Amino acid sequence: PMALNSESLVRNVIHDARNPAVVQLARATPDTRLLPVASLQRVLAGAMREQGDEVVGSTATAGYRPLREQIARRMLAAGCAVAPDEVLITAGCTEALNLALRAVCKPGDIVAVESPTFYGMLLACESLGLRVLEVSTSTTDGICLDALRELLDLHPVRAVVLTPSFGNPLGGLMSDEDKAALVRLLAERDVYLLEDDVYGDLGFADGRPIAAKAYDRTGHVLYCSSFSKTLAPGYRVGWVVGGPLTERLEALKFSS
């Protein structure tokens, strides 16, 4: 396991994010010309007109109940049957992943990640005092289960963080069989899977891939996603589904 020191790297990425002379390969941000801006403007205007008090008022820590209900319905397309009460609204997928890490890990714990992985995940692990193990990852098939199994035999891994559907930056897609095998492997060893499914809706095939969460029978998969890649990055609307850890996640969100 290795300690991290990625602050300077991330600082450079953030600094260059608004530089028009730099082609952004580090940030998975959609071109605004591809987003439904006109439709969103009409929806927002209607919401302010018809539900102004609710739009600008305070809400429960878990988030706006009708939104949580709609997200639970949408997750059926990914094969996940979850209750609205399991859905916690967050400030994008990044906060969802941070809350999930805080819910299952303590400083000094070991977290396994894809290699390479999203730099924001490394920064989150660093800020929480976690150690990181890299796992070999394919550009087509996602994380290598044999390599992960070997690492689990050698190290007391507390959680695995990965993007089974179109991982960032390699773009690999794990098969349904591998996703099911991954969930079984981690549940048998009492290791949590933090699933980042923020890219699940971006596939070119008919229908979207089944999430690893769909195979979870023990509550060892914490599912994280957002609308940042499909509707509007600036809205920062994400969510985490924590199952048995829902109350823990809500308490952590309230405290932060």
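Reader: How many aromatic pairs does the count come to?

Author: This is a predicted model, and rings of Phe, Tyr and Trp are taken as a pair if their centres lie within 6.5 Å. By this rule, the count of aromatic pairs comes to 2.

Reader: How is the aromatic pair of F227 and W239 arranged, stacked, edge-to-face or tilted?

Author: The rings of F227 and W239 are 4.9 Å apart from centre to centre, with 50 degrees between their planes. Planes under 30 degrees apart would count as stacked and those over 60 as edge-to-face, so the arrangement of F227 and W239 is tilted.

Reader: How many residues apart in sequence are the parts that this pair ties together?

Author: F227 is buried, with a relative accessible area of 12%, and W239 also counts as buried, at 5% relative accessibility. Because F227 lies in the loop between β7 and β8 whereas W239 lies in strand β8, the pair ties together parts whose separation in sequence is 12 residues.

Reader: Which residue of β8 is the bridge partner of A91?

Author: Strand β1, residues 87-91, has 4 of its 5 residues buried, so the strand is largely enclosed by the rest of the structure. β1 pairs with strand β8, residues 237-241, in the antiparallel sense over 5 bridges. In β8, the bridge partner of A91 is V237.

Reader: At roughly what angle do the axes of helix α5 and helix α9 cross?

Author: Helix α5 covers residues 92-104 and helix α9 covers residues 246-255, and their axes come within 9 Å. α5 passes α9 in a right-handed crossing, and the contact includes L99 of α5 and L252 of α9. The angle at which the two axes cross is roughly 115 degrees.

Note on methods
Residues are numbered from 1 along each chain as its sequence is written. This is a predicted model: local features need pLDDT of at least 70, side-chain atom pairs count only at pLDDT 80 or more; totals for chains, interfaces and linings use all residues. Side-chain values use heavy atoms; hydrogens and water are left out. Axes are lines fitted to C-alpha atoms, for helices over the stretch in contact, and angles run from 0 to 180 degrees between N-to-C directions. Helices (H or I, at least four residues) and strands (E, at least two) are DSSP runs, numbered from the N terminus. A crossing is left-handed if the near helix is turned anticlockwise from the far one by less than a right angle, and right-handed if clockwise. Contact means heavy atoms within 4.5 Å. Buried means under 20% relative accessible area, exposed over 50%, partly exposed in between (1.4 Å probe, protein chains only). Two strands pair if DSSP finds at least two bridges between them. Rings of Phe, Tyr and Trp (its six-membered ring) pair if their centres lie within 6.5 Å; planes under 30 degrees apart count as stacked, over 60 as edge-to-face and the rest as tilted.
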